[in-house]
Amino acid sequence: MDERQDAVPWYREIGRARWKAFAGAWIGYLLDGFDFVLITLVLTEVSEEFGLTPVEAASLVSAAFITRWLGGAVLGAIGDRYGRLTAMVISIWLFSLGTLACGFAWNYGSLFAARLVIGLGMAGEYSASATYVMESWPARLRGRASGFLISGYSMGTVLAAETYSVVVPEHGWRWMFYLGVLPVVVALWVRRALPEAEDWEEAVAETATRPAPFRPLYAGRRRGLVNGLLAVVALGSLFAVFTGAAGGATAVLSVLAAAVMVAFAAQLGGRRGWILYLALIGTVFAAFLYSWPIQALLPTYLKTELGYTPEQVAQVLYFAGFGTMAGCCLSGFAGDRFGPSRAYAWTLLASLVFVFPVFAVDDNLPLLGALLFVLQALGFGVSGLLPRYIGGHFPAERRAAGLGFTYNVGALGGAVAPVLGARLAEGMALGTALAVLTSGLSLVVVVMVGFDVPRRLHRRIEPGAVDHLGG
């Protein structure tokens, strides 16, 4: 079998049906990326129209992360119980309609609410698409499946930047969001044209039951009621924190929300898996803290500190987006060759060479674009391996829920990142603040992933823990 596989080019081994499945998920993820980053592109225009403070503006980026943990949990559970395709379609509808609602926003509050809906959809898209593609591809090629899929998000950011340079100067920022309803067409095509993921179908057929990965949260009426109340408390706390309504209670409410997440993780993981859930959440949280300050505030940095025009911003983001896209694809090959943990850690470590040089460039647009291309490829493109890395910790019957919950709770780091970057920029230049956050947190992730801390901790409790995605 191995000799036959080596004789056939990997792209032919995939087969037409699997490439079609990948194309559907990739397009959905491209449109997801397009919709999600729109707010970062028009942040200055929105701030001017609504009279927002820098922290309020940054909170619009954070808003989508407030609901991601809930969307990842619920849509992940739907994906495990009813199929990956069903979860994909629901998620596309959510982030498309949420984006359209942004275009009709009349003030800060209405725009913030629409961003909450986008967060629900994006969370489900990540878990459903990632599990769908990886479970459709051969085990030894699942690093490529993961990296190639996430490259769709990067292409979406490139298209958004190019659209921004054409649409906003002529028609205003709202038209960027009106275009966000287009993914609905893709959702209808996905549901009609694509087959279900092979691993999920085999798992359901083998057990002859529909998985219910979140059953521990509602096993019994009293537990279900308590956990429902806890979910409301977590959402309310996060909303108050990231809108600034918490005031002096920010620290208390942040700890309260974190405690709820820990309680959910402990119940879902059980006696043998709780530490795995918490370790994966911590890893993803640090990953968002190193990557999202630049992702969210780079357009603002270019327009305010460097004085770039919308056209120049689009050019820089063009380089950055294609750098991330190239890095996602290359990380897929590296993950299959060296393993996801080793490939991730060494690539991210190499990216640190380029962090401070990016923010040392002032009026040389081509040089800035080239440096950002490399930084994005090494530092952010490697995140294409995250679905492969996280998904390998969970069996097929609870993979979408496990991936959706741990990744999207950890993604709260993305909500903290732009606000933290804006706060740091009050005492130093914005570019310096972004460089400090990115370099410092990158080292944390290098240690967590390079030494595969989540799996090592899990094996202390459950010695037989394996990589469930094989390869």
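How many aromatic pairs does the structure hold by the ring-centre rule? The count comes to 23 aromatic pairs, where rings of Phe, Tyr and Trp (its six-membered ring) pair if their centres lie within 6.5 Å, with planes under 30 degrees apart counted as stacked, over 60 as edge-to-face and the rest as tilted. The structure is a predicted model, in which local features need pLDDT of at least 70, side-chain atom pairs count only at pLDDT 80 or more, and totals for chains, interfaces and linings use all residues. Residues are numbered from 1 along each chain as its sequence is written, and side-chain values use heavy atoms, with hydrogens and water left out.

**Aromatic pairs**

- A pair of aromatic rings is described by the distance of the centres and the angle of the planes.
- The ring centres of Trp10 and Phe333 are 5.6 Å apart and their planes lie at 85°, so this pair is edge-to-face.
- Trp10 belongs to helix 2 (residues 10-14) and Phe333 to helix 15 (residues 310-338), so that the pair links distant parts of the chain, 323 residues apart; helices (H or I, at least four residues) are DSSP runs, numbered from the N terminus.
- Phe333 counts as partly exposed because its relative accessibility is 33%; buried means under 20% relative accessible area, exposed over 50%, and partly exposed in between (1.4 Å probe, protein chains only).
- The rings of Tyr301 and Phe359 also form an edge-to-face pair, because their centres are 5.2 Å apart and their planes are at 70°.
- This second pair likewise links distant parts of the chain, with Tyr301 in helix 14 (residues 250-304) and Phe359 in helix 17 (residues 355-360), 58 residues apart.
- Tyr301 and Phe359 are both buried.
- A cluster linked by ring pairs contains Trp10, Trp19, Phe22, Trp137, Phe148 and Phe333.
- Over the face of Trp10 lies Arg144, at 5.2 Å from the ring centre; a charge sits over a ring if NZ of Lys or CZ of Arg is within 6 Å of the ring centre and within 35 degrees of the ring normal.

- Trp26 is located in helix 3 (residues 16-41).
- The C-alpha atoms of Trp26 and Ile150 are 7.7 Å apart in space, although the two residues are 124 residues apart in sequence.
- Not counting residues up to four places away in sequence, Trp26 touches Phe148, Leu149, Ser151, Gly152, Met155 and Met325, where contact means heavy atoms within 4.5 Å.
- Ser165 is part of helix 9 (residues 142-171) and counts as buried at 16% relative accessibility.
- A polar atom of the Ser165 side chain lies 2.7 Å from the backbone oxygen of Glu162.
- With residues up to four places away in sequence not counted, Ser165 touches Pro310, Glu311 and Ala314.

**Cysteines**

- A disulfide is a covalent bond between the sulfur atoms of two cysteines.
- The structure holds zero disulfides, the criterion being a pair of cysteine sulfur atoms within 2.5 Å.
- For Cys328, the closest cysteine sulfur is that of Cys329 at 6.7 Å, which is too far for a bond.
- Cys328 counts as buried at 0% relative accessibility, and Cys102 is buried with a relative accessible area of 0%.

**Helix 18**

- The buried residues of helix 18 (residues 365-380) include Leu365, Leu368, Gly369, Leu371 and Phe380.
- These buried residues pack against helix 14, helix 15, helix 16 (340-351) and helix 17.
- At the start of helix 18, the backbone nitrogen of Leu367 has a side-chain oxygen of Asn364 within 3.1 Å.

**Helix 22 to helix 23**

- Helix 22 (residues 430-450) has 21 residues and should span 30 Å at 1.5 Å a residue, which agrees with the 30 Å between its end C-alpha atoms; the expected span is 1.5 Å times one less than the number of residues.
- Asp452 lies in the loop between helix 22 and helix 23 (453-461) and is buried, with a relative accessible area of 13%.
- Phi of Asp452 is near 45°, a positive value in a residue other than glycine.
- Arg455 is found in helix 23 and is buried, with a relative accessible area of 9%.
- Leaving aside neighbours within four places in sequence, Arg455 is in contact with Gly392, His393, Val466 and Asp467.

Key:
Helices (H or I, at least four residues) and strands (E, at least two) are DSSP runs, numbered from the N terminus. A polar contact is a pair of N or O atoms within 3.5 Å; within protein, one must be able to donate a hydrogen and the other to accept it, and residues adjacent in sequence count only if both atoms are side-chain atoms.
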